Every structure is written in structure tokens, then in C-alpha cells.
Amino acid sequence: MTSPPSSEFSDRVKNAVKKNFDQSADIYSAFEEKHHFFHALTLRLAEWMGLPKNSFILDIGCGNGISCEALRNHYRATVYGIDLSKAMIADARQRLADDTRIHLLVGDGEDLATS
């Protein structure tokens, strides 16, 4: 059995992921506008798992908030979204600025206590 990756390695991976999503937030938004892929995927997964209406959901790695928005709209859910990427959260906040049932935070899903 192998040991888990070092924290240094994990930090490097997280920083690379964060940088990638910070640089590509506009591309993700344009892709979603054209294809509605993440919206549809979210609703199929929610249906498959039998998500009840009015649920409280934690979306770790929420990106630009498309899943948060879909769950709010179709399931009347209150959604808490967290993502490493400041640009993705900024995009989500801009689009969902007046929404009182979606709460977004830049942070690390592996360290929720400090996020």
C-alpha cells in the first residue's frame, strides 16, 4: 500500500488547479452558455439520488455556480458553494448577486474550518 501524497505535493496540485481555473473562468462560462452541460448534469445527478425539495447543499468545487443555480431553481435548495478559484467565485457572484439562497466562498474544500 502506498502512502498518501505529501502536503507539499498536494499544495502544488491545488495551486496549479486554482491557477488553471482562475485563467479559464471565462471559457467555462462561455462553454456552459452554449451547451448547458453542467446544468443538465447537475439535475440528472440530483434526480438520480432522489434529492428532496428544500434541501441544504454543500457544493465543494462549485466553480462558477452553475450547479448551485440549477439546484436552487429546480429543487428550491439553499446551496453553499466553495471553490479554490477567485475568478470562478467572482463570476458566480456577479451572476447570482441578488440570490439569498446561494452562498459562495473562496476556500479549500479539504480545510473547511479555515475557509
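Strands E1 (56-60) and E2 (78-83) run parallel and are joined by 5 bridges; strands count as paired if DSSP finds at least two bridges between them. Helices (H or I, at least four residues) and strands (E, at least two) are DSSP runs numbered from the N terminus. The model is a predicted one, in which local features need pLDDT of at least 70 and side-chain atom pairs count only at pLDDT 80 or more, while totals for chains, interfaces and linings use all residues. Residues are numbered from 1 along each chain as its sequence is written, and side-chain values use heavy atoms, with hydrogens and water left out.

The path from E1 to E2 passes through H3, a right-handed β-α-β crossover; right-handed means that, with the strands pointing away from the viewer, the path from the first strand over the helix to the second runs clockwise. E2 also pairs in the parallel sense with E3 (residues 102-106), again over 5 bridges, and here Gly81 faces Leu104. A right-handed β-α-β unit is likewise made by E2, H4 and E3.

Turning to the helices, what does H1 give to the lining of the largest pocket? H1 gives the most, with 7 residues.
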